[in-house]
Amino acid sequence: MERTTRPLVVIGAFSASLVVGLVLMLWVMGGLRHVTAPAAIGGPFQLTDQTGQTVTDKSMQGRPSLIFFGFTHCPDVCPTTLFEISEVLKAMGEDADRVNAYYISVDPERDTQAAMKEYLSSFDPRLKGLTGNAEEIAKVLSEYRVYAKKVPLKDGDYTMDHTALVYLMDRDGKFVSPFNINRKPEDAASDLKPYL
């Protein structure tokens with residue numbers, strides 16, 4: 001055997017024995033049945049969009065969905081993210097009609113249907129702003145594992161700390177992954193195509 005081939009054979013044999021050992025160990029221990037599944041993200045909800053239409057988790061069926069949680073008084077993260085989602089939808093062309101895009105309020109006290117309608121008028125018209133009463137919003141925040149907390153300001157007003165990621169849900173309304181929106185709209189749009 002050549003000097004250069006021998007180390008490769010030894011490494012290959014070691015790797016193969018390691019894989020066989022791991023498989024045997026999993027088999028002896030009963031497989032992966034004792035591993036806890038990750039927390040489910042998503043679930044049943046009923047909210048109202050900016051036009052007064054009822055939107056439920058069933059409304060997501062048949063199309064992939066981008067979901068972002070925020071509030072209309074947000075100074076920077078929310079409008080920036082909604083602009084980026086709008087750019088992705090624009091880059092998708094006609095395929096954007098086959099995607100749901102939802103902006104769900106974490107601030108039901110101020111984010112009325114009218115406030116959502118006015119706020120979203122600056123973004124892609126396919127974006128639906130969803131709101132509801134405090135109980136309905138608390139339920140959807142829990143279903144999606146979203147952190148949201150009212151933070152008082154010195155002037156008596158308040159802001160909201162909240163989870164700031166875009167959720168990608170598949171055509172069945174199941175969570176796929178956080179959707180990376182911080183890139184070229186064309187690249188993000190092409191990543192959505194397989195889910196159409």
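The following exercises, with worked solutions, concern the predicted model shown above.

Residues are numbered from 1 along each chain as its sequence is written. In this predicted model, local features need pLDDT of at least 70 and side-chain atom pairs count only at pLDDT 80 or more, while totals for chains, interfaces and linings use all residues.

**Exercise 1. Determine how many helices and strands the protein has, and in what order the elements run.**

Step 1. Helices (H or I, at least four residues) and strands (E, at least two) are taken as DSSP runs, numbered from the N terminus. The protein has five helices and nine strands.

Step 2. Read from the N terminus, the order is α-β-β-β-α-β-α-β-α-β-β-β-β-α.

Step 3. Of the 196 residues, 37% are buried, where buried means under 20% relative accessible area, exposed over 50% and partly exposed in between (1.4 Å probe, protein chains only).

**Exercise 2. Describe how helix α2 and helix α5 cross, and state which residues meet.**

Step 1. Helix α2 covers residues 77-92 and helix α5 covers residues 185-192. Their axes come within 8 Å and cross at roughly 70°; axes are lines fitted to C-alpha atoms, for helices over the stretch in contact, and angles run from 0 to 180 degrees between N-to-C directions.

Step 2. The two helices, α2 and α5, are therefore roughly perpendicular to each other (under 35 degrees counts as roughly parallel, over 145 as roughly antiparallel, 65 to 115 as roughly perpendicular and the rest as oblique).

Step 3. From α2, the residues Glu-87, Val-88, Ala-91 and Met-92 meet Pro-185, Glu-186, Ala-188, Ala-189 and Leu-192 of α5, contact being heavy atoms within 4.5 Å. Seven of the residues in this contact are nonpolar, none is polar and two are charged; Ala, Val, Leu, Ile, Met, Phe, Trp, Tyr, Cys and Pro count as nonpolar, Asp, Glu, Lys and Arg as charged, and the others, Gly among them, as polar.

**Exercise 3. Decide whether Val-88 is buried or exposed, and list what Val-88 touches.**

Step 1. Val-88 lies in helix α2. With a relative accessibility of 1%, Val-88 counts as buried.

Step 2. Not counting residues up to four places away in sequence, Val-88 touches Ile-181, Pro-185, Ala-188, Ala-189 and Leu-192.

Step 3. The C-alpha atoms of Val-88 and Glu-186 are separated by 6.7 Å, although these residues are 98 residues apart along the chain.

**Exercise 4. Locate Arg-171 and identify the residues in contact with Arg-171.**

Step 1. Arg-171 belongs to the loop between β8 (166-169) and β9 (175-179). Its relative accessible area is 39%, so Arg-171 is partly exposed.

Step 2. Neighbours within four places in sequence aside, Arg-171 is in contact with Met-60, Gln-61, Gly-62, Arg-63, Pro-64, Tyr-195 and Leu-196.

Technical notes
Side-chain values use heavy atoms; hydrogens and water are left out.
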